[in-house]
Amino acid sequence: MFSTLYWANFSDFIHMGGYGLYVWGSLIACVLVLGMECLLIRQQRKQVIRHLRRMALAEEIGDEGYER
């Protein structure tokens with residue numbers, strides 16, 4: 001079922017039997033997308049925390065004009 005994968009040298013490993021561009025391109029695209037996702041989640045988390053702090057501060061000082 002599974003064939004043995006082995007490469008004679010590093011160049012063969014990079015070339016991946018002629019599919020290197022597809023394999024490495026897919027891997028790089030995946031890493032970039034996952035990295036962007038982590039950065040966006042981190043940014044949104046900071047915005048939510050900042051917004052909640054402002055809401056808590058507005059409640060403390062009794063600011064009724066604060067937008068929720």
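Is phenylalanine 13 buried, partly exposed or exposed, and what is its relative accessibility? Phenylalanine 13 counts as partly exposed, at 27% relative accessibility, where buried means under 20% relative accessible area, exposed over 50% and partly exposed in between (1.4 Å probe, protein chains only). The model is a predicted one, in which local features need pLDDT of at least 70 and side-chain atom pairs count only at pLDDT 80 or more, while totals for chains, interfaces and linings use all residues. Residues are numbered from 1 along each chain as its sequence is written, and side-chain values use heavy atoms, with hydrogens and water left out.

**Overall fold and surface**

- The chain has 2 helices and 0 strands; these are DSSP runs numbered from the N terminus, with helices (H or I) of at least four residues and strands (E) of at least two.
- Of the 68 residues of the chain, 4% count as buried.
- The accessible surface of the chain is about 6,700 Å², and 63% of this belongs to carbon and sulfur atoms; such areas come from the Shrake-Rupley method with a 1.4 Å probe, and for residues only the protein chains shown count as cover.

**Aromatic pairs**

- The structure holds 3 aromatic pairs, in which rings of Phe, Tyr and Trp (its six-membered ring) have centres within 6.5 Å; planes under 30 degrees apart count as stacked, over 60 as edge-to-face and the rest as tilted.
- One of them joins tryptophan 7 and phenylalanine 13, and it is edge-to-face because the planes stand at 80°, with the ring centres 4.9 Å apart.
- Tryptophan 7 is partly exposed, its relative accessible area being 37%.
- Phenylalanine 13 also pairs with tryptophan 24: the centres are 5.5 Å apart and the planes are at 70°, so this pair is edge-to-face.
- Since phenylalanine 13 lies in helix α1 (residues 10-15) and tryptophan 24 in helix α2 (residues 20-61), the pair ties together parts that are 11 residues apart in sequence.
- Tryptophan 24 counts as partly exposed, at 24% relative accessibility.
- Ring pairs link Trp7, Phe10, Phe13 and Trp24 into a cluster.

**Loop between the helices**

- Methionine 16 lies in the loop between α1 and α2.
- Although methionine 16 is not a glycine, it has a positive phi of about 55°.

**Nonpolar surface patch**

- Tyr19, Tyr22 and Val23 form a nonpolar patch on the surface, and together they have about 370 Å² of accessible area.
- Valine 23 is found in helix α2.

Note on methods
Patches are made of residues with over 30% relative accessible area and no salt bridge: like charges are joined within 9 Å, nonpolar side chains (Val, Leu, Ile, Met, Phe, Trp, Tyr) within 5 Å. A salt bridge is a side-chain nitrogen of Lys or Arg within 4 Å of a carboxyl oxygen of Asp or Glu.
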